[in-house]
Amino acid sequence: MTVDMTQFYQVFFEESSELLAEMETLLLKVDLAAPDTEELNAIFRVAHSIKGGASTFGFTDMTEVTHVLESLLDRVRKGELALTSEMVDVFLKARDVVTGQLAGHRGDGKADPVAAQTVCDSLKYLAGGITAPLPMKKGPGSIDSSILAPFSGAAVAVPAASEVCYQIQFVMPEAANADALEKLRTNLAALGKVESVGAPVSGVAGGNHVWRLVSAAPDTDIWEAMAFAVDPAGLKIEQEAADPGYGFFDAFHAAIVPADPVASPVTSTAAAPEPKRRATDAPDAAPPNRGRRESDKATAADATSIRVGVEKVDQLINLAGELVITQAMLTQTASQLDPVQHEKLLNGLAQLDRNTRDLQESVMSIRMMPISFVFSRFPRVVRDLAAKLNKEVELKTVGETTELDKGLIEKIADPLNHLVRNSIDHGIEMPEKRRAAGKPEKGTITLRAFHQGGNIVIEVADDGAGLSRERILAKALSQGMNVPDSIADQEVWQLIFAAGFSTAEVVTDVSGRGVGMDVVKRNIQALGGSVEIDSTFGAGTRMSIRLPLTLAILDGLSVKVGDQLFIIPLNHIIESLQPAASDVKSVRNQGTVVHVRGEYLPVLKSHEIFNIPPVAADTGMGIMVILESDGVKKALFVDELVGQHQVVIKSLESNYRRIRGVSGATIMGDGKVAMIIDAGMLVRGMKPELRAAA
Amino acid sequence: MSQAIQSTPSKQGAVAATAAAGGEFLTFTLGNEEYGVDILKVQEIRGYDAITKIANAPEFIKGVVNLRGIIVPIVDMRIKFNLGNVEYNQFTVVIILNVCGRVVGMVVDGVSDVIMLSPDKIKPAPDFSAQFDIEYLIGLGTVDQRMLILVDIEKLMNGRDMALMNEYAEAA
């Protein structure tokens with residue numbers, strides 16, 4: 001029976017992407033001195049799962065790399081090999097290669113076979129396998145005594161294919177001392193991996209000992225080694241049934257490939273007693289200490305989530321929005337009823353109001369994801385970039401569980417990336433300079449996220465050189481910008497957002513061209529947010545990005561222009577007032593300004609903009625709504641204020657084209673459509689052709 | 001674009017005769033004339049009410065309405081084609097169309113019935129190109145004594161002069 005596998009590709013691609021991301025996070029987090037067993041298992045599982053899926057679909061290039069990766073990871077997690085930072089680097093490279101191969105299969109990238117081959121070679125070399133061109137630190141035959149160790153109770157020795165697990169029981173004479181025991185251990189270690197399973201009261205060498213030895217050597221060799229030091233009468237050597245792992249790794253037993261082609265060449269050359277490959281560059285004598293954690297914590301967490309397509313979630317959000325509108329309509333209709341007569345009905349409606357609001361909040365929260373999804377990619381970025389620039393940088397993240405809308409997450413990643421790269425490139429100084437300035441050589445970049453009001457604030461802070469007011473002002477003047485000397489610091493910093501603005505002395509491929517910051521600002525503004533900068537020269541810089549928590553709902557002020565209802569977004573409104581007739585002046589008989597608290601603000605006449613016959617006879621009879629966008633203020637003249645509402649933004653453009661001056665539409669409580677005014681665009685300036693007939 | 005599938009090739013200026021393979025047409029009236037559109041493009045028929053004007057839109061685009069949560073623009077074909085009495089009362093009918101993924105409504109004088117037309121009942125539209133653009137006409141259909149002006153509603157709604165699409169809107 002032939003099954004069309006292509007239908008399952010998508011699931012495999014998605015899952016593999018997630019697994020690879022998880023692998024990178026774990027690799028960057030792993031503590032080389034004491035790697036967590038569960039973490040190592042998780043990394044192994046990633047390689048194993050991807051290998052399985054890849055071979056099902058016939059993606060042989062991925063299968064090859066993940067197979068070699070998996071073998072090496074298996075040995076690391078079993079304790080046969082210690083994890084070195086070199087290995088972590090190769091693992092990261094392998095992960096990159098697999099990501100590239102995945103992209104190639106998915107059709108949006110090209111796999112790099114050369115890199116794949118290089119990585120496979122590196123992995124095999126690290127495993128001490130087939131091609132070992134460089135001499136290993138300890139040659140075969142030498143006794144690796146420096147590595148001998150106090151055993152932690154949880155060290156697991158698992159026999160590989162041709163090895164056997166021996167249990168050695170012996171009795172040390174009462175008068176024996178610790179040195180003799182050590183010597184015995186040393187000799188035995190030449191044969192294989194030794195661990196103590198039972199010992200007399202600690203500190204006392206004499207008494208009954210039980211040791212476990214994993215070795216490929218025949219038991220006659222063991223007898224010889226032991227009988228030398230202990231009474232043969234009390235010596236018992238037995239083969240243990242292979243019991244790897246004490247049940248730690250039950251689920252993954254199947255994963256241990258008995259005839260592992262990479263591992264076996266190593267172990268089969270045990271004819272000459274060769275010390276098993278040990279921690280070749282462990283500075284201290286201890287083999288890696290393994291922390292014992294609750295196993296399968298991760299799998300338990302996985303079982304409580306399900307994958308849902310984004311369209312379903314969006315549909316749910318739409319329906320919840322509809323419900324809110326319908327409920328608002330009901331409330332409005334019911335408000336005209338006599339409250340006494342219809343008390344039960346009104347109570348029911350109030351209850352409905354609460355339920356609807358709760359439902360809507362829950363539904364909106366479905367799309368909310370923790371910002372750690374964005375933050376998680378930065379350790380890698382920082383690590384790579386710092387290495388490239390020869391700087392020492394540490395990344396701290398605070399508030400990773402802060403949630404924001406999924407759509408925002410994808411869009412905020414790029415600007416954040418740019419800000420972080422800027423911080424590393426321009427902010428953090430070279431280690432020598434930092435030392436000279438009395439700062440710690442390692443610079444710190446802090447990513448922080450928190451909720452404030454109806455917004456989420458994301459901060460990128462560094463303890464680097466800070467922004468130089470003089471240099472920025474000088475650059476601005478040299479570019480022809482008209483900036484008075486006395487402007488506030490805050491506004492000086494905002495200058496760096498101007499297109500083409502850069503005070504970098506050297507343009508690198510990382511930054512310096514003056515292109516990035518204005519793109520960052522524009523992208524953030526497109527999301528309805530804003531960027532602020534705070535900086536102290538010599539101490540550091542902090543950039544704060546403020547974003548609205550949700551894109552679909554807007555707080556607005558409804559106003560009447562003629563007989564039509566418009567909504568003005570609240571975040572652009574500073575105030576509204578009814579001006580005295582004497583405060584409204586005309587300029588050159590064409591424009592109008594209004595005098596508000598010492599400022600003259602240009603007046604935008606909504607009737608003219610939207611071509612609606614005015615109700616108010618003159619400007620004295622209407623209301624001025626002061627709008628602000630990007631530091632520019634203008635006054636919008638409308639006929640009356642109606643009220644403040646929270647409205648659901650509906651798309652105009654799906655069926656019609658974009659209308660100038662209007663950013664969207666919404667449905668009011670009475671079912672009628674109201675236009676949402678694009679305040680930002682009105683303030684920033686409209687072209688005259690707006691008024692021409694379409 | 002044009003394929004004349006008449007079995008007898010006609011030289012009578014069959015300019016824009018698209019593959020008129022017949023089909024079901026919803027007929028409606030505009031003034032004294034009867035029109036027909038492909039029934040598959042029709043989503044629903046409703047009355048005319050609660051319209052919100054669009055600023056600076058051409059005359060025949062009356063505005064937008066809320067159709068169960070979707071914002072739908074409404075055009076008045078009577079104004080566009082310069083036909084009939086343009087008044088709005090309880091008898092005014094709006095045909096909601098679904099063309100090219102967009103939902104658009106058009107105001108007509110009245111809706112008649114759905115008629116099945118076989119290809120032989122559809123004649124190519126005569127050449128009026130001097131007077132008006134017949135790009136939108138599929139042809140002329142004959143049923144009993146009636147002549148139906150069959151309109152390619154997709155071409156019409158997406159056409160340049162309807163200015164419903166972003167591409168045709170005034171440049172920023």
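Select Arg77(A) first, and display the residues around it. Apart from neighbours within four places in sequence, Arg77(A) is in contact with Thr37(A), Leu40(A), Asn41(A) and Phe44(A). The residue itself belongs to helix H3 of chain A, which covers residues 60-78. Is Arg77(A) buried or exposed? It counts as buried, because it has 26 C-beta neighbours inside 10 Å, and the threshold for a buried residue is 20 or more.

**The whole of chain A**

The model on the screen is predicted, and its scores are ipTM 0.70 and pTM 0.51. Chain A contains 20 helices and 22 strands. Of its 694 residues, 31% are buried. Among contacts in chain A with a separation of 6 or more, 71% are between residues 24 or more positions apart.

Colour the chain by pLDDT. The mean for chain A is 74, and 76% of its residues reach 70 or more. Where pLDDT is low, the predicted coordinates should not be read in detail.

**A helix and the residue after it**

Proceed to helix H13 of chain A, residues 378-389. How far apart are its end C-alpha atoms? They are 16 Å apart, which agrees with the 16 Å that 12 residues should span at 1.5 Å a residue. The residue that follows H13(A) is Asn390(A), and its phi is positive, near 60 degrees.

**Strand E19 and its partners**

Next, select strand E19 of chain A, residues 632-638. Five of its seven residues are buried, so the strand is largely enclosed by the rest of the structure. Show strand E18 (residues 623-629) of chain A as well: it pairs with E19(A) in the antiparallel sense over seven bridges. Within this part of the tour, find Ser629(A), whose bridge partner in E19(A) is Val632(A).

Look for Leu604(A), which stands opposite Leu636(A) in E19(A). In a regular strand the side chains alternate between the two faces of the sheet.

Step back to Arg597(A), in the loop between strand E16 (591-596) and E17 of chain A. Arg597(A) is not a glycine, yet its phi is positive, at about 45 degrees. Most residues other than glycine have a negative phi, and most peptide bonds are trans. Arg597(A) is exposed, because 8 other C-beta atoms lie within 10 Å, and the limit for an exposed residue is 12 or fewer.

**The largest nonpolar core**

Which residues have the most contacts inside the largest nonpolar core? Select Val625(A), Ala635(A), Ile677(A), Val64(B), Met106(B) and Val151(B), which have the most contacts within this core of 80 residues. Strand E22 (residues 673-677) of chain A gives the most to the core, with five residues. Domain 3 (313-366) and domain 5 (553-691) of chain A both give residues to it, so the core lies between them.

Keep Val64(B) selected and show what surrounds it. Beyond neighbours within four places in sequence, its contacts in chain A are Tyr656(A), Ala665(A) and Val673(A). In chain B, Val64(B) is in contact with residues including Thr52(B), Ile54(B), Ile71(B) and Ile74(B).

**Chain B**

Finally, select chain B. It has two helices and 11 strands, and from the N terminus on the order of elements is β-β-β-β-β-α-β-β-β-β-β-β-α. Of its 172 residues, 34% count as buried. Residues 24 or more positions apart make up 57% of the chain B contacts with a separation of 6 or more.

The average pLDDT of chain B is 78, and 76% of the residues score at least 70. Over residues 1-19 of chain B the pLDDT stays under 50, and the model has 30 contacts beyond four places in sequence for them. Residues 168-172 of chain B likewise have a pLDDT below 50, with nine contacts beyond near neighbours in sequence.

End the tour at Asn56(B), in the loop between strand E3 (42-47) and strand E4 (61-67) of chain B. Although Asn56(B) is not a glycine, it has a positive phi of about 60 degrees. Asn56(B) is partly exposed, with 19 other C-beta atoms within 10 Å.

Note on methods
Residues are numbered from 1 along each chain as its sequence is written. Chains are lettered from A and ligands numbered from 1 in the order in which they are written. Helices (H or I, at least four residues) and strands (E, at least two) are DSSP runs, numbered from the N terminus. Two residues are in contact if their C-beta atoms, placed from the backbone, lie within 7 Å. pLDDT is the predictor's confidence in each residue, from 0 to 100. A nonpolar core is a set of buried Ala, Val, Leu, Ile, Met, Phe, Trp, Tyr and Cys residues joined through C-beta atoms within 7 Å. Domain bounds come from an automatic or database domain assignment. The expected span of a helix is 1.5 Å times one less than its number of residues. Two strands pair if DSSP finds at least two bridges between them.
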